[in-house]
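Hi everyone, thanks for making time. I'd like to walk you through a few spots in one structure, so please have the sequence and the 3D view open.

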Amino acid sequence: MHLYNLTLQAPTAISQAIVGNFSGSRRQEIIVSRGTRLELLRPDPDTGKVTAAVASHIFGSIRSLVLFRLTGGIKDYAIIGSDSGRIVIIEYDPDTNTFVKVHQETYGKSGARTIVPGQYLATDPKGRAVMIAAIEKAKLVYILNRDAAADLTISSPLEAHKSNAIIHHIVGLDVGFENPTFAALEVDHTEADQDPTGVAFNNAEKMLAYYELDLGLNHVVRKWSGPTDTRANLLVQVPGGQSTSSDSYEGPSGVLVCCEDHIIYHYMDATQHRVPIPRRGYPFQDKDRGLIITAAVMHKMKGAFFFLLQSEEGDLYKVAIEHEEGDVKSLKIKYFDTVPVATSLCILKSGFLFVAAEFGNHHFYQFVKLGDEGEDFSSTDYPSYGMADPSAPLPRVTFRPHLLENLALVDEMESLDPLIDSKVLSVLPDAGTPQILAACGRGARSTFNTLRHGLEVEEAVREDLGAVPKALWTAKLKEDDKHDAYIILSFANCTLVLSVGETIVEAEDTGFLIEAPTVAVQQIGADALLQVHQHGIRHILADKRVNEWRTPAGKTIVNATTNKRQVVVALSSGELVYFELDLEGQLNEYQDRGALGSAILALSIGEVPEGRQRTPFLAVGCEDQTVRVISLDPENTLQTVSLQALTAPPASICIAEILDTSLNRTQPTTFVNIGLQNGVLLRTVLDPLNGQLTDTRTRFLGTRPVKLTHVNVQGNPAILALSSRSWLNYTYQNILHFTPLIHRTLDCVSSFSAAAHADGLIGVSGSILSIFQVTNLGATMKQDSIPLDYTPRKFLMHPQNGLFYLIEGDHRAYSEESSQQQLERLRAEHKTFDEEILGLPARQFGRPKAPAGVWASCIRIIDPVKGETVHVLPLDNNEAAFSLAMVSFAACNNEVHLVVGTAQDAFLAPRSCTSGFLRTYKFTEEGRRLELIHKTETDDIPLAVLAFQGRLAAGIGKSLRLYDMGKKQLLRKAENKNFFSAVVTLNTQGSRILVGDMQESIYYVAYKPLENQLLIFADDTQPRWITSATMLDYNTVVAGDRFGNIFVNRLDTKVSDQVDEDSVLSGGPHKTSMLAHFHVGDIVTGIHKVPLVVGGREVLVYTGLHGTIGVLAPFVGKDDVDFLSTLEQHMRSEQLSLVGRDHLAWRGYYVPVKAVVDGDLCEMFARLPPSKQSAIASELDRTVGEVLKKLEQLRVTASGF
């Protein structure tokens, strides 16, 4: 078995984000780390929209990311700490739209190790040095400078290690142009290691240490250290140093130390200030739970600065420091607004805030005001500025959260993180391909998502015309007009002309012939219009004079193609008539006519190249199943220069110049797109010099003949192909893409530009006219979301009614029932409290935190077609749902029941519960309601349940049990207690159950009905922390583990047969062999064996926690395996990782990669320079075009993407 790995959707989670001037212009951009990818986002300050400019797969794990700018520079660099054991400095090159590696310095071993630096990065604000630190002991400082050519240089590393120290955070201090200084939070564990009682561990002090880089002596010294709050977790840089424009200080320098419940200002021997972190004034919540700051950002303005700090509940606090001549007078904090909990906050100079959400969609806000109103809490309100007794907590202060007042949401970036469970099914009618259904999110921001492959369309206008048009065009009045003036609709026996203004109305006196159907329309020359109809051509001049050319007697025009200077029409006699615009604006007919000897079905000429008078080639599709390229050059006009045979008659042809850097990096490539009547699209490259057709690619689009239209999307040329689905061929991030539109079937379409709909499209479906836009070319998966109340756990689809049943549960959360009980208790005690705070929307503000062991959980019924929740069934008695299964109990005439595994008063670490339950439900009202039949008590949490031979197989803690239906509860029939930690996955075929153990990989279990025993007969050779598993066949299993690996294990066929025939000894005497292994870089939460293409072969679709969606496709033949493996080896030698990670080591992170080819790496072939492409292709005995064609074919046949 050999597999080909392809990523269909990159991770959507953002672990870190930085903002700066990376392109060297005054416009700010955001670089985000998505764990294994680096992406540059470009916010538009006018519209507030955020678009991705470039994304790069780094084939490694990004651990840290910081911004850096040399003193006096205008361009920012990014410094990356990763698992490669190297520090890497990169810059963004706007000319090639790529990230470029500037420096790469090796300092340690690869891998994410505690003592290898890379976990933390901090830079000197004046751009002179960078510190890179490990979790334990190691800290290195690099000096950054310029050489004689003004290029960035990096020094050898200077050590700042501290033995037996655990580092919690580091930051660069703003000290002006004094020696660069860095602050670190450290804990010395020397005494804790030597004290077995644990007293020293509990008494260990957390130290705040300052390290100074002496630029003169070129070494680092530990300048100052002192104890700070033991719960300190984050350091924030405070501005300092003298202002460059005056003698005043920009700030007091130092750091804000963010602790549990407090913020402390600290700078060596300066006076410390402490303020409490305000808490929400909930009437009930876990009083013992502290509050910490998880994200922070500092923003400088002219002569002032402020901080935005975010708590773990999502509340933003504005922190200000009052200072005089570098001395701090007070530290003030006030509530600002509430946004999703962020991994990073970025403030842009244009007045925007980017929130990279820890879970769920990322948000882009605009500042409405700076939040100067409202109550603030100052350090001057407390004795000794809050530091009278640093070990004692300050009195708690509260606030009432409010809806957004200081910020306004302007854009949202979709994210599937965390993706907890998934299925691949065809649930939507007429969707064409299967949909990926995903349960995503955490807490009240959770969603149930239906993902469809395609570009989302934003429809602005929809009107019923009352009749069905045959064709559609838009036209400007003049060549340099910004917007279209007319919409022309051709019907069976007439033409309708609509005028475009503030409204769209029928136009009069346009010069168009409206009594006959139209064949083609074109704005021609500087200010003229052209209409081609069945009996002639009308050339409508700017003054409304009309020059008309009539067809010869007995002949009609059956087809036509036009551009701004040329017109070619095909007559019913099979002749071509060619016209060209002269310098005076007159349309002149070429003296000869080209006879092709076959009926002409389609014509196309390209746009006139800039600075030229004509386009040199015409493509003609004939009934004899050929396409001919005909010269329009004056020397050999209407002579055939090349010919291509087809498999079916052509329906339409479109010549277009589109940029595809895999073929040509410097200029657009001329493509001839041929739509056939059998629904197949051919795309060939037209040689602009000799007219030869090369590099033909084919793709099946649908069941209807393919109709092609040249359109403009987001200012760039594209091709829209209409069949039973509509497909867009466009350039995104310099690579050519081909993606369906999520829109009803279109019959005809055209580009459309108006004041209210710039850069739009107009199309007709039946008698419905619609104006729409494709807004985001980067999102090739359309997401439809249904909001949930709590974190989703698992879901299933009913085999008959098509409804989904989903279980949700949140730890440390109050359910509606328990919230009411708490309120009734407070009322009974006659306590006054603010009830309005409980009415705030939980989706934005979350819920009050409950003590450990308190759960809120429910069962939700979802209709995926209507996209709505049908019913929600809350669970009582503090029960939380962990598993569910549809079971057809043989004892109940195979009636389908829903079994839900729950636990009462559950604790997660260590795992425990008062009691577990198997709840058995009966479906009522066609599955739209559930009726509880009975509850069966268990002694542990049921983490996995599954239907098995008319019974229920349940993984309860460390045991596997079989249950049958009883009247008052489920009846236990068989049990095996010999599992190591906990049963988390169950799969079955025949009498075999494959058990996924939380820590010990996959067990093979056989059920022997005569002995009524569950016997373990095979297991894995190595332990694995299983997260998901699926059976490929009776002997083979594919599984994912907690460390981002996917592996395939198989049991020997002889052993399998022997087990089925004979009784076996329990205890796993046999071992499975590993067939394939691959590190995907994301925790795999779902693996599904399904075909993604109609009529295609089955592939493995996997989903990852961070929103990754990928496929593992089996190779068909050995030739493909050899070819792709060799290509992969060549690509590895190119060292494409931006962080310097070895590709083979990355993909074989824990176990060497086996029998899997990395398609993501192979597809980087398209981004290589032409010289390297040619060298690799010659080594493979192929042309560059053949290699690219093979890669495209593999992706399309495996995934349809």
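Let's start with one serine: S652 sits in strand β55, which covers residues 650-658. Strands here are DSSP runs of E with at least two residues, helices are runs of H or I with at least four, and both are numbered from the N terminus. Before I go on, a word on where this comes from: it's a predicted model, where local features need pLDDT of at least 70, side-chain atom pairs count only at pLDDT 80 or more, and totals for chains, interfaces and linings use all residues. Residues are numbered from 1 along each chain as its sequence is written, and side-chain values use heavy atoms, with hydrogens and water left out.

Back to our serine. Is S652 buried or exposed? It's buried, at a relative accessible area of 9%. Buried means under 20% relative accessible area, exposed means over 50%, and partly exposed is in between, using a 1.4 Å probe and protein chains only.

β55 belongs to an open sheet of 4 strands, in the order β55-β56-β57-β58, with antiparallel pairing. Two strands pair if DSSP finds at least two bridges between them. β55 and β58 (693-700) are at the edges with a single partner strand each, so one side of each has no neighbour in the sheet. Strand β57, residues 680-686, is joined to β58 by 6 bridges, and V680 stands opposite F700 in β58.

Last stop, helix α9, residues 1170-1179. Which of its residues are buried? They're Q1173, I1176 and A1177. Looking down the axis of α9, they fall within an arc of 100°, taken from the directions from the helix axis to the C-beta atoms, so they line one face. On the face turned away, you'll find the exposed residues S1171 and E1179. The buried residues of α9 pack against α6 (1118-1132) and α10 (1184-1199).

Notes. Contact means heavy atoms within 4.5 Å.
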